[in-house]
Amino acid sequence: MPLNKNKVLVVGMDGLRFDRLVALAPPVLSSLMASGAYGTSKLPYGEAAAPRTESPGEVVPKAPEPPAAGRVIRSRTDSGPGWSSIATGAWPDKHGVVDNSFTSHQFTKFPDFLSRAKNARPDLVTAAFLSWAALGEHGAFGPAIDHRMVLDGYALTWTAADRQIADAAERHLAETGPDLAFVYLGDTDEVAHALGPHCPEYAAALHAQDAYLGRLLDAVRARPGESWTVLVTTDHGHVDEGGHGGTSAEERTVFVIANRLDADLGGRPLAEPRLVDVGPTALALLGVPLDPAWELDGTPLFNSW
Ligand SMILES: [Zn+2]
């Protein structure tokens with residue numbers, strides 16, 4: 001009997017605070033954690049004077065914070081730097097995105113992990129679904145991706161944009177079954193900016209995204225002959241009042257949840273998974289070798305299951 005083909009789905013939920021996720025216990029994410037592996041780490045950057053961040057927090061980075069002792073990374077804990085680090089497997093001092101302007105991005109030298117997969121193995125089919133238009137427009141998730149859907153959550157409203165992204169991603173996963181897919185959902189961040197992460201509206205946004213995730217999982221589970229690994233992550237947290245950019249633990253704490261849908265790992269811990277590890281993990285699962293010349297900061301969280 002032939003081995004099932006390894007495939008990877010990465011789902012990003014913007015501004016999702018891990019402590020709120022644990023407290024609110026949405027069913028799909030909770031179940032991925034219970035039968036998968038997960039952990040948190042702190043972003044090795046943040047701007048102390050960032051607006052809307054009243055906590056003095058910590059000065060970063062300090063050894064032994066990742067990536068390397070003494071390496072100073074100047075960046076806000078914003079969405080641009082976070083998603084660019086997830087996309088490229090490198091930190092902001094390399095990919096050049098230190099805020100949401102994307103002005104000095106280095107995506108030619110540090111392309112996203114879907115583009116890397118495609119370049120290394122043209123037979124792989126890649127897809128990205130983004131409700132934050134900037135990620136497509138500036139090339140954080142670049143044009144080499146086979147199927148790229150980019151919506152503008154600001155124009156459509158984030159609830160509508162996320163819904164359309166989830167609908168399209170569900171259909172694409174069901175019908176095409178790409179080898180590697182990235183789906184971005186943004187409403188959690190929008191709500192937290194407006195109302196903070198402790199309100200019923202934030203809980204509702206998280207539960208909506210959780211339900212979308214459940215539909216994506218159902219779509220890939222229904223495909224025969226494929227073994228899917230799902231990674232769920234976020235780009236930064238939020239202060240209690242809502243907002244980010246600064247250096248507090250609430251802003252810098254991020255998480256990675258990993259689950260192989262056809263195996264039960266029993267909720268084992270992942271030791272300080274970093275945003276830059278997400279792409280290398282996906283590439284390793286697809287059998288794409290990581291070239292030291294890429295100068296990535298991330299390493300695979302595991303090479304296989
Ligand atoms: Zn964000």
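This is a predicted model: local features need pLDDT of at least 70, side-chain atom pairs count only at pLDDT 80 or more; totals for chains, interfaces and linings use all residues.
**View 1. Helix 12 is a mostly covered helix.** Helix 12 runs over residues 278-285, and eight of its eight residues are buried. Just past the end of helix 12, look for Gly 287, whose phi is positive at about 80°.

View 2. Follow the chain onward to find Pro 300 in the segment after helix 12. Leaving out residues up to four places away in sequence, Pro 300 touches Pro 280, Thr 281, Ala 284 and Leu 290. Pro 300 itself counts as partly exposed, at 25% relative accessibility. For a sense of distance, Pro 300 and Ile 86 are 214 residues apart in sequence, yet their C-alpha atoms are 13 Å apart in space.

**View 3. Four protein residues hold the zinc ion in a tetrahedral site.** The donors to look for are Asp 14 (OD), Ser 79 (OG), Asp 235 (OD) and His 236 (NE2), at 1.9 to 2.1 Å from the zinc ion. Angles among the four donor atoms run from 94 to 129°, and the site is tetrahedral. Along the sequence, the spacing of the donor residues reads D-x64-S-x155-D-H. Asp 14 comes from the loop between strand 1 (5-13) and helix 1 (18-24), while His 236 comes from the loop between strand 6 (226-233) and helix 11 (249-252), so this pair ties together parts 222 residues apart in sequence. Buried or exposed, how do Asp 14 and His 236 come out? Asp 14 is buried, with a relative accessible area of 1%, and His 236 is buried too, at 0%.

**View 4. Helix 9 and helix 10 pack in a roughly antiparallel pair.** The axes of helix 9 (residues 187-195) and helix 10 (residues 200-221) come within 9 Å and cross at roughly 180°, which means that the two helices are roughly antiparallel. Helix 9 brings Asp 187, Thr 188, Val 191, Ala 192 and Leu 195 to the contact, and helix 10 brings Glu 201, Tyr 202, Ala 205, Leu 206 and Gln 209. Sorted by class, the contact has six nonpolar, two polar and two charged residues.

View 5. Thr 188 lies in helix 9 and is buried, with a relative accessible area of 0%. Beyond its neighbours within four places in sequence, Thr 188 contacts Met 13 and Asp 14, along with Tyr 202, Ala 205, Leu 206 and Gln 209.

View 6. Thr 157 has a phi near 80° and is found in the loop between helix 7 (153-156) and helix 8 (158-175). This residue is partly exposed, with a relative accessible area of 43%. Glu 295, in the segment after helix 12, has a phi near 60° and counts as partly exposed at 39% relative accessibility.

Terms used: Residues are numbered from 1 along each chain as its sequence is written. Side-chain values use heavy atoms; hydrogens and water are left out. Donors are N, O and S atoms within 2.8 Å of the metal (3.2 Å for Na, K and Ca); water is not among the atoms, so sites may look incomplete. Four donors count as tetrahedral if all angles lie between 85 and 135 degrees; four count as square planar and six as octahedral if opposite donors are over 155 degrees apart and all others between 65 and 115; anything else is irregular. Helices (H or I, at least four residues) and strands (E, at least two) are DSSP runs, numbered from the N terminus. Buried means under 20% relative accessible area, exposed over 50%, partly exposed in between (1.4 Å probe, protein chains only). Axes are lines fitted to C-alpha atoms, for helices over the stretch in contact, and angles run from 0 to 180 degrees between N-to-C directions. Angles under 35 degrees count as roughly parallel, over 145 as roughly antiparallel, 65 to 115 as roughly perpendicular and the rest as oblique. Contact means heavy atoms within 4.5 Å. Ala, Val, Leu, Ile, Met, Phe, Trp, Tyr, Cys and Pro count as nonpolar, Asp, Glu, Lys and Arg as charged, and the others, Gly among them, as polar.
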